[in-house]
Amino acid sequence: MIKEARYYKKFNGLSRAFKKFLLTQTPLKKMINSGVYSKFYSRAIRKKVRKLEPSVLQIENTNLCNAKCVMCPHTIMKRKGKIMSQQEFKKILDNVMENYPIKRLTITGFGEPFVDKGVIEKIKYAKDKYPQLKVDIYTNASLLNKKNADDLLRSKIDRITFSINGTEKNYRKIMGLDYENTKKNVLYFLNKKKQMNSHILTNLSLMILKENEDDIKKFIDFWNPLTDSVRVYAPSNWAGTLKNISKRNDFRGKRWPCSGLWSQIMVDVQGNLIMCCRDYESKVKFGNLLKEDVKKLRESRKFQELLKKQLNFDFSSPVCCTCDNSFDSSLDWIC
Ligand SMILES: C[S@@+](CC[C@H](N)C(=O)[O-])C[C@H]1O[C@@H](n2cnc3c(N)ncnc32)[C@H](O)[C@@H]1O
Ligand code: SF4
């Protein structure tokens, strides 16, 4: 089986990759899953969460998408499609920024961000009002025409992930889009970025699927010289929805509290504060940031109960009970 990997040219976020290597590929793995270690480590986690405040915000600017990826539950999502207005976006961002020391904003949710024609204006608003904030986006790049690419390069965005989950041989089968169009768009962006000597970080990502397994080396060889990093990784099962998709078993060990519940804030296109990015149907809502203060919602009984359960290694809450994401989240608790 092909292993998950990340190939860097510029070092951004290497520390997590390094920790992951230490804890999953070396003898430390055995120690971390032992009972004695868990006891001390759990105590350290409890101490740490007392001071932990959210530093990452994810806002879903749209839940509409023009692709049909085989590994993405977007195709079965029942939520009503919407594009968030500029006014709503500003209100949500300001609400969170006034309450928490947010360092990173991802403007992407369960959809293709460029279906929203106002996405660049949203990036500009965030960067102009909060210059220290690192802003990033995930896109399938199929709608990244020359105008969008030029505007994006001028937008002061910090990082872009292009999700290209195949090569000419299998891309259409996997994503339902035209490979040549996407390739042309990404190459135009990367060339222009080079000409402009832009500092925007670019990442190319591919999910390891049975449809593309034989072509992964080709993908890496083609894109790695052109971009700051290339990531190949195993898909998640989106909280149990995609039954036969996950290949994450090689990292399975003990399950740890999910650090994202403390450090991240996820807001869906309607403005709902939801528990995390795995909850693509917004099943578990804590209130709406267009009407209520984010801090009040995070301090509510419902939210605090969820955190308490996780700290007690009780993963029976909806969404958590079928999620395969937190098996390697012991990584996140290590200073
Ligand atoms: C849900 S998409 C939304 C943004 C955009 N449409 C895109 O494809 O980049 C965000 C990221 O999730 C990834 N993704 C889709 N299905 C996944 C799965 N089963 N496991 C892990 N990541 C997945 C996509 O490849 C993409 O990089
Ligand atoms: S991975 Fe992105 S492009 Fe593919 S269906 Fe999901 S949201 Fe759309």
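The crossing of α4 and α5 is right-handed, a term for the near helix being turned clockwise from the far one by less than a right angle. The model is predicted: local features need pLDDT of at least 70, side-chain atom pairs count only at pLDDT 80 or more, and totals for chains, interfaces and linings use all residues. Residues are numbered from 1 along each chain as its sequence is written, while chains are lettered from A and ligands numbered from 1 in the order in which they are written.

**Helix α4 with helix α5**
- The contact joins Gln86, Phe89, Lys90 and Leu93 of α4 to Glu121, Lys122, Tyr125 and Ala126 of α5 (C-beta atoms, placed from the backbone, within 7 Å).
- By class, this contact of α4 with α5 holds 4 nonpolar, 1 polar and 3 charged residues (Ala, Val, Leu, Ile, Met, Phe, Trp, Tyr, Cys and Pro count as nonpolar, Asp, Glu, Lys and Arg as charged, and the others, Gly among them, as polar).

**Helix α6 with helix α8**
- α6 passes α8 in a right-handed crossing.
- Lys146, Ala149 and Leu153 in α6 meet Asn185, Tyr188, Phe189, Lys192 and Lys193 in α8.

**Ligand surroundings**
- Among the 20 residues around ligand 1, the nearest are Cys72, Tyr138, Ser163, Pro235 and Ser236 (a residue counts if its C-beta atom, placed from the backbone, lies within 6 Å).
- The shell around ligand 1 comprises 11 nonpolar, 8 polar and 1 charged residues.
- The shell around ligand 2 has 6 nonpolar, 4 polar and 1 charged residues, including Cys65, His74 and Glu112.

Note on methods. Helices (H or I, at least four residues) and strands (E, at least two) are DSSP runs, numbered from the N terminus. Two residues are in contact if their C-beta atoms, placed from the backbone, lie within 7 Å.
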